[in-house]
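Please walk me through this structure in the viewer, one selection at a time. Tell me what to pick next and what is there.

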Amino acid sequence: MKSEKKTIKSIRIDVDKCNGCRACEVICSAFHAAPKYSSNNPARSRIRVIHDALADIYVPVYAGEYAVAECAGRDKYTIDGKEYDECAFCRASCPSRDLFKEPDSGLPLKCDMCASDPTLEKPLCVQWCLNEALIFEEREEEVEEEESQSELEIGLESLAHKYGLNEMKEIIAKMSASKKG
Amino acid sequence: MRYAETGFNLEIDLTRGSIERVVTDPIDTELYLGGLGTNAKILWDRVPPEVEAFSPENLLIFGTGILCGTPAPGCNRTIVSTISPQTKLMAFSMMGGFWAPELKYAGYDKVILRGKSPELVYLWINNDKVEIRDASHLKGKGSVETAELLRQELNEPKAQVAAIGLAGENRVFYASIEQGRSSSSRGGIGAVMGDKGVKAIVVRGTQDINVSNPVKYFDLCNEVLEFIKFREKNPIPGVIPILAVLGSPQEMAIHDEKWHTENFMWGNARLRRKGFWTEDVSDEWKKTMDTMRTRLISCYNCPMKCGATITPPGQPTYMMKCFSKLTYTMAAMSNLEFGLRIAQVATEYGVDGYSAPQAMAFALELYENNILTDKDLPDMPSDNEGRFYYLLDKIVKRDGIGDALANGTYWAAKEIDKGAEEYAHNNIKKHEQLPLKLSMLNPIYFLMYSTGAKMNITQIEGQFPQAPFPELKDREEFVKDWFQVPDEKFKQYFLDWEPRGEKSIPYYPTVEMCCDIVDWQEKMHYIDDALGMCAGLSSFHHKPPYHIHNLPKFISYGAGMEMDEDKISFAAKRYRTLIRAFNMRRGLKRKDEKPPADHWKKRFPELEKELLDSYYKYKGWDNEGVPTKESLHELGLDYVIEDLQQRNLLSEIEETPAKETSANI
């Protein structure tokens, strides 16, 4: 398969620099409000500072994929004498926690790096983090080229997955035969 | 639709256990803005002067600033207002932190408490669900401890908690309300909360806050952030370290304490230690800070780092803010390690970091002068540090002599008698002040100390440099980019201000100029307190990112009310005057309006009289300090006129002075 260069956007997080102000949550939820900036509500934010002030834990995490089911991740990590839940580093919107879900509908939220037209220089959480706990990074990666699939292909593929390719072939053959007749 | 504010207050009657969600009148917002302004209006309407701090009829109002919960950076303050048990006047102490925005997201602008709960309770405000819950298991618990226990009990790690410690429960006159990294400390507000039987208010909110002109509001916020970045790269030259940068101030981040330790007084505001800040001290204190400070932290939506998480080895972790860093250290004539250690205990107890150390230093001075004896202070340790811990316990538990000391130095001195009053020397209106003792009267500071209704110098000073710059070229440099001034004349005042000679203090700035300067300084604080803006990005600083030119726009584009510089100034004058009337109605007198007698060595009684006369006039007050009928009418405060007239407080202005007509020949 051919490979191509793709731009990967990510946010580098320096937990040591976070001052816990949650400006990232404020501006993220404002940017994604409709109309843009018309309201804000950290509960709708796609980035959250997971924190426990007295334990000195401050981890900004931005929302990733939606996960249908809980995972088995209940482990604890001790880093520099501080105990973190495994969840503290997880970006998933999942059933085991209330992060990254719309408060009214429960629908999952996912970071889109503030996709807009024109494109912003950096996502707003990064722009509003004056302490540089959040650093925007763009890098080029070689990725295997994927041909984009048509809707029909996606549909057929899921049917093939369910019924098997052979049965589908037989049905298609039958269908073409009956049309001819 | 209401913008920026929610349009609802929570009214809680603790005697009856009733909770109401009340729609507020948008006209009040236009007239009094919000936060302190609308708090003051409610207190005027509902708390007559006969009501004492500990009457059930007293209200305890937690008011959010009108712009709290919007994206305006650093706008996060809760303005807590009530009657102070210590001054018997209106107390309004502000706290930053995270509580005010959370209350807005829960759907309320204010929580108004009245009555008294027979049992200790806490309030749980979770969006639309509001409950009064039993807190008997939290009795005697520390404020930080209480917050943690409640978050666990409710399984709400994201809830924000404002709680009192034992000092509040025992109605210590300088008890604070603690809220993580912030506190509402001045005026004994925590004692009123304790008197009402409320241990804590827990809040969780997940609703939207709207702004009226989203794009313009966003642009204003970005301008503020850009300015903050600019100031960080370009500190103001020629001023003390905490004023060269922004913050409220960033005491936990700034290591150089030469200015505070050598200019503020130690002990019971007595001893100035010139040359204290040696290299050895600097190294030792830096080491202490590096050992105990785990992280620099901020309040909600603010890039500053004014607070810190402090973990003294062997003690629980707590969060410290601001100048409490030095108050215990200096009162006890000790070092930073002691200061950070005892502040942990004091934070759990919930006491004001200004008044508490002073009450303790005062007690020790009485002991040294045989006014208090071993009988009053049984089993007191022999070292200063030990004595401070001993006294803190006695005060908070109101045990023995601690019962008197818990009322602050003014009231304690009266009770102890035997000449103790001479030692309660650092109060204004019965309230302990920062330990500053200086040489030459400063006319600007004279007016601020005398008339400030917050009775805390840091809550009225700002904007205008504290001292003249020696070189003209430095002054010229300073005024070059001073766009925050409301009028160009302030630049000239500063340019002409010399450290010595004709144009130096006490006669320059002139009386008239002093009135202009002080009024500007005070106004900016009052605006901040209505908006919920932190003084550390605004009124407290020279050349701050928020100023008279952009604050009205924040209101226009945020709250959707037409606002300009004149209108915002007029509104601020309205609620400032209302607070004045409220306090005059409660018995405040011109004779109470003075700095501590020993604040300056060189005093100028005639000039001071002229300053006060002129400033009263400037403010629209009569010679006794009562707002005049004319000024009240102009401000639309006719209901105040009526009330003051009934109480015979209003002087009738006569066209012709009485003296001239009395000549009866």
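Start with the largest nonpolar core of this predicted model. The core holds 238 residues, and those that touch the most other members are Tyr122(B), Ile201(B), Val202(B) and Leu392(B). Next, select residues 511-531 of chain B: this is helix α20, which gives the most to the core, with 11 residues.

Now centre on Ile201(B). Leaving aside residues up to four places away in sequence, Ile201(B) touches Phe62(B), Val111(B), Tyr122(B), Leu123(B), Ile125(B) and Ala162(B).

Stay in chain B and show two helices, α2 (residues 36-46) and α22 (residues 565-585). Their axes come within 9 Å and cross at roughly 35°, and the crossing is left-handed. On the α2(B) side, pick Leu36(B), Gly37(B), Ala40(B), Lys41(B), Leu43(B) and Trp44(B). Facing them in the contact are Ala571(B), Tyr575(B), Leu578(B), Ile579(B) and Phe582(B) of α22(B). By class, the residues of this contact are 9 nonpolar, 1 polar and 1 charged.

Then bring up both chains. Their contact involves 23 residues of chain A and 32 residues of chain B. On the chain A side, α1 (23-31) and β2 (39-40) each supply at least two residues. Helix α1(A) has the largest share, 4 residues. That side of chain A is made up of 13 nonpolar, 7 polar and 3 charged residues.

Colour domain 1 (3-144) and domain 2 (151-180) separately. The centres of these two domains, taken over C-alpha atoms, are 42 Å apart.

Technical notes
Residues are numbered from 1 along each chain as its sequence is written. Chains are lettered from A and ligands numbered from 1 in the order in which they are written. This is a predicted model: local features need pLDDT of at least 70, side-chain atom pairs count only at pLDDT 80 or more; totals for chains, interfaces and linings use all residues. Axes are lines fitted to C-alpha atoms, for helices over the stretch in contact, and angles run from 0 to 180 degrees between N-to-C directions. A crossing is left-handed if the near helix is turned anticlockwise from the far one by less than a right angle, and right-handed if clockwise. Two residues are in contact if their C-beta atoms, placed from the backbone, lie within 7 Å. Ala, Val, Leu, Ile, Met, Phe, Trp, Tyr, Cys and Pro count as nonpolar, Asp, Glu, Lys and Arg as charged, and the others, Gly among them, as polar. Domain bounds come from an automatic or database domain assignment. A nonpolar core is a set of buried Ala, Val, Leu, Ile, Met, Phe, Trp, Tyr and Cys residues joined through C-beta atoms within 7 Å. A residue is buried if 20 or more other C-beta atoms lie within 10 Å of its own, exposed if 12 or fewer, and partly exposed in between; C-beta atoms are placed from the backbone.
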